[in-house]
Amino acid sequence: MMTITLRIALILVSVGTFFLMMRKVRQSKVQIESVIFWIMLALVLVVYSIFPSSADFCARVLGIYSTANFLFLVAIFLLIVKVFDMTIQISQLETRIKELVQQMALEEKKREEEKT
């Protein structure tokens, strides 16, 4: 069973996360596509805190003794998925940066050859 303290904490953290993300989007510090994950996570936590029986049910189905442990497990799993996704994005960006640097070097060398 989820305690009232945990429910309040989940709601406060979720609402805080939602408003922080919206503020960052408005300030153009982050793209909307990147914020969708965090907004969805906040919404899931709000649903679980408003309807704790759904979290209790999911915990029981998965054989997890405590609802709080279930929520931590879900959060950890989602964060691991997010880190993996970010790792892929970083790898793609590094490859793109390397290609752009090489292209710039070739263009600079071509301009130097044209001068002579």
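**View 1. F37 within helix 2.** F37 is a residue of helix 2. The model shown here and in the other views is predicted. Setting aside neighbours within four places in sequence, F37 is in contact with L78 and K82. M22 lies 15 residues from F37 along the chain. The C-alpha atoms of M22 and F37 are 12 Å apart.

**View 2. Helix 2 crossing helix 3.** The axes of helix 2 and helix 3 cross at roughly 100 degrees. These axes come within 4 Å. An angle from 65 to 115 degrees counts as roughly perpendicular, and helix 2 and helix 3 are therefore roughly perpendicular to each other. Helix 2 brings V47, Y48, S49 and I50 to the contact. Helix 3 meets them with P52, S54, A55 and C58. Sorted by class, the contact of helix 2 with helix 3 holds six nonpolar and two polar residues. No charged residue takes part in this contact.

**View 3. Helix 3 packed on helix 4.** Helix 3 spans residues 52–62, and helix 4 spans residues 67–115. They pack at an angle of about 85 degrees, and their axes are 9 Å apart. That angle makes helix 3 roughly perpendicular to helix 4. On the helix 3 side, the contact residues are A55, D56, C58, A59 and L62. On the helix 4 side, they are T67, F70 and L71. The residues of this contact divide into six nonpolar, one polar and one charged.

**View 4. A nonpolar patch on the surface.** The patch is formed by I11, V15, F18, F19, V47, I50 and F51. Together these residues have about 600 Å² of accessible area. Helix 1 (4–26) and helix 2 (32–50) each supply at least two residues of the patch. Helix 1 gives the largest share, four residues. I11 is placed in helix 1.

View 5. Side chains of opposite charge can pair when their charged atoms come close. Here the side chains of R96 and E99 meet in a salt bridge, at 3.7 Å from N to O. Both R96 and E99 lie in helix 4. They are three residues apart, about one turn of the helix. A search of the whole structure finds one salt bridge.

How values were computed: Residues are numbered from 1 along each chain as its sequence is written. This is a predicted model: local features need pLDDT of at least 70, side-chain atom pairs count only at pLDDT 80 or more; totals for chains, interfaces and linings use all residues. Side-chain values use heavy atoms; hydrogens and water are left out. Axes are lines fitted to C-alpha atoms, for helices over the stretch in contact, and angles run from 0 to 180 degrees between N-to-C directions. Angles under 35 degrees count as roughly parallel, over 145 as roughly antiparallel, 65 to 115 as roughly perpendicular and the rest as oblique. Contact means heavy atoms within 4.5 Å. Ala, Val, Leu, Ile, Met, Phe, Trp, Tyr, Cys and Pro count as nonpolar, Asp, Glu, Lys and Arg as charged, and the others, Gly among them, as polar. Patches are made of residues with over 30% relative accessible area and no salt bridge: like charges are joined within 9 Å, nonpolar side chains (Val, Leu, Ile, Met, Phe, Trp, Tyr) within 5 Å. Accessible areas come from the Shrake-Rupley method with a 1.4 Å probe; for residues, only the protein chains shown count as cover. A salt bridge is a side-chain nitrogen of Lys or Arg within 4 Å of a carboxyl oxygen of Asp or Glu.
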